[in-house]
Amino acid sequence: MSLPRLSGILLHPTSLPSSYGIGTLGKAAFSFVDFLQRARIGLWQVLPLGPTGYGDSPYQSFSTFALNPLLIDFDDLVLRGWAKEAEVAPPKYIKNKGDVDYGAVVWWKMPVLGNCADYFSANAGEADKASYTEFCKKNKFWLDDYAAFMSIKAEHDRKAAAESEKKGKFVSGTWNVYWKKDLAGHDKAAISAWNKAHKAEIERYKVIQFFAAAQWNAVKSYANGKGISVIGDIPIFVAPDSADVWANQSLFQLNKRGVPKCVAGVPPDYFSATGQLWGNPLYNWSAMKADGYKWWIARIKKLLELTDYVRIDHFRGFEAYWAVPYGNSTAEKGEWKKGPGRALFDAIKKALGDLPLIAEDLGVITDGVRALRDGLNLPGMKILQFAFDVQEQKNGNLTNAFLPHMYDKPCVVYTGTHDNDTTQGYLDSIDDEQLTLIASYIQGETVTADAAKKLRKSGELLRSLVKIAFASSAQFAVIPMQDVYRLGTAARMNMPSTSGKNWSWRMTESMLTGEKADKAAEWLRELSLLYGRTKC
């Protein structure tokens with residue numbers, strides 16, 4: 001795949017400002033596109049767009065095909081005539097500013113969305129109803145199972161919560177633990193009976209997905225119309241408590257009760273001394289191969305309808321994946337098992353044509369992974385926060401593969417990603433030796449520790465790292481929005497292997513419009529023009 005030379009900003013829509021407690025696909029999303037246009041930025045990278053489940057993580061979604069209902073903007077629904085303004089006003093406990101309080105947002109927003117769906121079903125005009133019917137027809141291959149799954153899940157979660165309270169201990173409501181055998185086994189007759197008995201509720205889930213799709217398509221169309229492409233993100237694995245696993249159990253390594261035999265993760269690495277135990281069920285690759293990888297083809301096709309490029313998270317798992325026996329508390333005691341390799345991508349390409357994919361090739365990368373990536377001609381990723389190895393300097397030569405002067409293959413460079421600290425937070429955390437190395441690399445001459453600290457304090461060190469990303473030979477240079485505004489660790493999006501406040505950072509309105517935003521856009525525009533990262 002040949003990539004144009006472009007610059008980009010990494011910002012998930014939940015991080016946009018809004019009066020509804022979480023970023024939405026409303027006015028602020030369009031303002032962000034306008035900001036990108038002013039800055040001559042040609043790429044907007046987002047995280048996975050699915051409905052978030054465990055830990056509010058976009059990488060643990062209830063469906064790989066559905067969109068996150070929390071992104072729906074109520075103001076837009078009112079303007080379209082799909083909701084009443086009086087019924088969508090946020091209560092006082094929903095924060096206008098600051099980090100996302102997912103518990104509060106979900107508690108308030110999901111029932112309101114259900115009411116909006118009912119209003120749409122009763123009052124939508126003929127054209128809108130025709131659009132909805134067409135949406136359901138086009139997306140039937142995943143939408144029916146998703147709506148049924150969410151409906152069944154909602155009732156069983158309520159029962160499990162009541163039982164937990166009664167027993168004084170947690171009772172899981174997940175499909176492979178708590179549901180009746182016929183429903184858990186995805187029995188068609190049982191599901192049909194459920195759908196008939198819960199017709200209105202099933203319809204709500206479908207209408208809500210129609211809302212989300214209509215709004216996302218409008219935002220993407222607006223971005224594309226201004227010459228801005230969207231980079232989507234697809235996790236290699238899907239969540240265990242998802243419509244994907246429930247509806248396709250033969251395609252996963254599960255026992256007869258639907259419990260995973262082994263789960264996904266990675267061994268100890270830069271991010272965690274005990275590895276990362278993700279807990280996702282692993283694929284039954286032989287079953288997938290037998291049916292021509294139809295599920296994967298449908299998955300990639302759907303995301304390419306929503307975005308222009310696709311970053312595949314944990315690309316190395318296609319060559320070999322880390323399998324941890326189910327029940328282990330860490331990812332330390334796993335083993336590498338062979339993945340599908342090129343056969344999967346050849347099948348996808350045969351069905352869909354050339355693939356605008358980016359390989360997330362971080363972590364333990366072997367010759368086999370490199371051969372798969374390069375054989376497919378996919379760009380990999382470079383992270384500047386990983387580039388400065390003091391030990392290499394002591395050995396007399398800086399040859400770290402993440403350093404800009406070492407880029408010899410197509411790649412995408414980032415100052416950091418959603419899994420890293422913000423770059424200012426990173427610079428504030430490192431010792432004098434590493435700080436001095438970074439400053440010396442940037443300045444092109446030896447810099448003292450005191451001088452390096454002054455550069456860090458003034459913000460020049462961070463600005464210089466952004467500059468060398470733009471100046472590098474990488475086809476795409478993508479900067480997290482937090483780094484544009486020199487935000488510290490408090491603005492970090494995620495800390496792997498932890499739970500609590502992840503995924504909650506939100507930007508302020510002043511970062512999109514006004515003098516502060518204009519200055520940031522001017523700086524980015526100068527870099528894009530100076531280093532040839534604009535389309536014209």
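These exercises, each with a worked solution, concern a predicted model of one chain.

The numbering of residues starts from 1 along each chain as its sequence is written. Local features need pLDDT of at least 70, side-chain atom pairs count only at pLDDT 80 or more, and totals for chains, interfaces and linings use all residues, while side-chain values use heavy atoms, with hydrogens and water left out.

**Exercise 1. Describe the overall build of the chain.**

Step 1. Take the secondary structure: the chain has 20 helices and twelve strands. Helices (H or I, at least four residues) and strands (E, at least two) are DSSP runs, numbered from the N terminus.

Step 2. Along the principal axes, the C-alpha atoms fill a box of roughly 75 × 50 × 50 Å.

Step 3. Of the 536 residues, 57% are buried. Buried means under 20% relative accessible area, exposed over 50%, and partly exposed in between (1.4 Å probe, protein chains only).

**Exercise 2. Locate Arg40 and Asp56, and say how exposed each one is.**

Step 1. Arg40 lies in the loop between α1 (27-38) and β2 (43-45), and Asp56 is in the loop between β2 and α2 (74-80).

Step 2. Neither is a glycine, yet Arg40 has a positive phi of about 60° and Asp56 one of about 65°.

Step 3. Arg40 counts as partly exposed because its relative accessibility is 28%; Asp56, at 22%, also counts as partly exposed.

**Exercise 3. Is Gln209 buried or exposed, and which residues does Gln209 contact?**

Step 1. Gln209 is found in helix α8 (residues 199-225).

Step 2. Its relative accessible area is 1%, so Gln209 is buried.

Step 3. Leaving aside neighbours within four places in sequence, Gln209 is in contact with Ala66, Leu67, Pro69, Phe135, Trp142, Leu143 and Tyr146. Contact means heavy atoms within 4.5 Å.
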